[in-house]
Amino acid sequence: MAAMEIDTEKNLQRKQSTYQSLDETFEIQNEAYRGQQYSQIYFARLHMMRTLLYSLVTHWKPHVPVCTVLELEEGKECIIVGTLYKHMKLKPCILDEYSKERSALPLVKPHNFMHPDDHLVLEDESGRVKLGGTVLSPSVYVTGVVVALHGKETGAGDFMVLDVLEAGLAPQIEPQLKSREDKYVVFISGVNAGSSLSNPLQFQLLVDHITGHLGDEKGIAAEIVHVVIAGNSVEIPLGLLNGQNLASKDQSRLSEPVQELDILLTQIAAGVPVDIMPGSNDPANFSLPQQPLNRWLFPGSRAYNTFRSCTNPHCFELDGVRILGTSGQNIDDLKKYSEGKDELEFMERTLKWRHLAPTTPNTLGCYPFTDRDPFLIESCPHVYFVGNQDTYGTRILKGSEGQLVRLISIPKFCNTGMVVVLNLRNLECHTLSFGTQISL
C-alpha cells in the first residue's frame, strides 16, 4: 500500500502557488503580562478607529461640528465618536453562576441573550451617554464597536441619533486574477477526531481525494495547491482532566485523538501545503488570538516543510490573493449577543466595522494588549472565511470603493462531511461531500 501511494504521488504533477504568511499581527512574542487591565485595548481601539472616522466625517457631514460626550449641549446637533456599550438584561453574570450553585432550580441558558429592553450607550474618554431613536438598532450592534453618530442631546440627557457612520470596508489591494489557471484551496473545519461523531473513514476519503488516490479524481487533485484546517480538529475527553494523576490507559486516551489526526495530516502534508489553526476545543490557549498548536503534537506531519501550524485568526496570501479567517469563535459570540439572518450577515458586519472580534474582551476572551488591537482590519481581504458553523454559505460582499470579498461559512466536517473548495482563479467556490454507508 505504501509503495502504491508513493508511485501515485510521483505520477501526480501538482500545481504550485506562492505563499506568504501574514500572522505576525496575531503572534504574542514580546508581550509580557504585568497586571494590565483590559481598558487599555479599548483605548487603543478607540484611538485608531477615531482617527479613521474623523477623516471620513469631513466627507460625510462637513458642516456638522464634532464634539466629545462631555461637550454635548441640549438641542445642538453634532457628531460624536466613541465605543458602543450594549446594556443587556439577559447577559450572563458571574453572580448568576454563584446563585445557581445555591439554588435548587438551575438557571436557563438561552442560545441568544437579546431582550426587548436592551439599549445602547456610547462612551469616550470624557464620559458616556445613553442613545435614543430608531436609527441605531440594539439588535444589530454589540459592545466594542466604534462608530460616529450624528444627533443631538435631549432634555432627558439622552443622545437622539439621527444618522450613523461606520468605518466601512478597509482599502483592498488589487488581486491579479487574470490569465490564471485553475488552482484550488480546500477549507476544512470541525473534524473533531476522537469524538463520538467523528468518522475516520470519512476523513480518509477526503485525504484520498486531496492526494489523488481516488482514481478519476486525480486530475482535480493536481490542481489543489493548499489545504486550510480551521479549528476544532480534535476532541479531548475533558472528563479525564480533573487534576488527578492519570493511569497509563487514560493517558493514551488523551493522546489518541491527536495521533489519529497526525496520521491523516501526514498523508496530506506529503503532497500539499497544509495550514492548521487552533479552535475552541483544541489543545491551545483559550483566549484570542490563539497561538499555533505545538508542532511536537504532530511528529509525522512536522517532518514536512509543507506543514504549518498557524494562529487563529489566520491571514495569508496565495498568489497575491489575501485570505483571512477564524475558527468561528468571533461569529459564534456575535450570534449570542446580536441578531442576524445567517452567519454571512455577521461576517459582513465585522468587515464593515473593520474589526474581526468586536466583542473582545467583553464576552469573548482575548489577551490584554496594551498598545494595540490586533483584530482591527487594516487591509480588506479578498477571501474571508469562518470555520465550525452549522451550515455552508457564501456570497460576494461589495464595498463602496470597489472592494470585492468572497465570504465563506465553513460547516463542521464531523456533522456534515462537507468541505469548501475555493478557486483562486476567479474566487468561486463550491462544496465537496464525503459520506460512508455500511450495509448489513
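## Strand pairing around S16

Two strands pair if DSSP finds at least two bridges between them. Strands here are DSSP runs of E with at least two residues, and helices are runs of H or I with at least four, numbered from the N terminus. The model is predicted: local features need pLDDT of at least 70, side-chain atom pairs count only at pLDDT 80 or more, and totals for chains, interfaces and linings use all residues. Residues are numbered from 1 along each chain as its sequence is written, and side-chain values use heavy atoms, without hydrogens and water.

Strand S7 (residues 184-188) runs antiparallel to S16, joined by four bridges. Val186 stands opposite Val421 in S16. Five bridges join S16 to strand S17 (residues 429-433), also an antiparallel pair. There, Val421 has His430 as its bridge partner. S16 and S17 form a hairpin with five residues between them. Leu427, in the turn, has a positive phi of about 60°.

## Burial of S16

S16 spans residues 418-423, and six of its six residues are buried (under 20% relative accessible area, 1.4 Å probe, protein chains only). In a regular strand, side chains alternate between the two faces of the sheet. Met418, Val420 and Leu422 point one way. Val419, Val421 and Asn423 point the other way.

## Lining by helix H7

H7 (329-337) and strand S13 (383-389) each supply at least two residues of the lining of the largest pocket. H7 gives the most, with six residues.

How values were computed
Buried means under 20% relative accessible area, exposed over 50%, partly exposed in between (1.4 Å probe, protein chains only).
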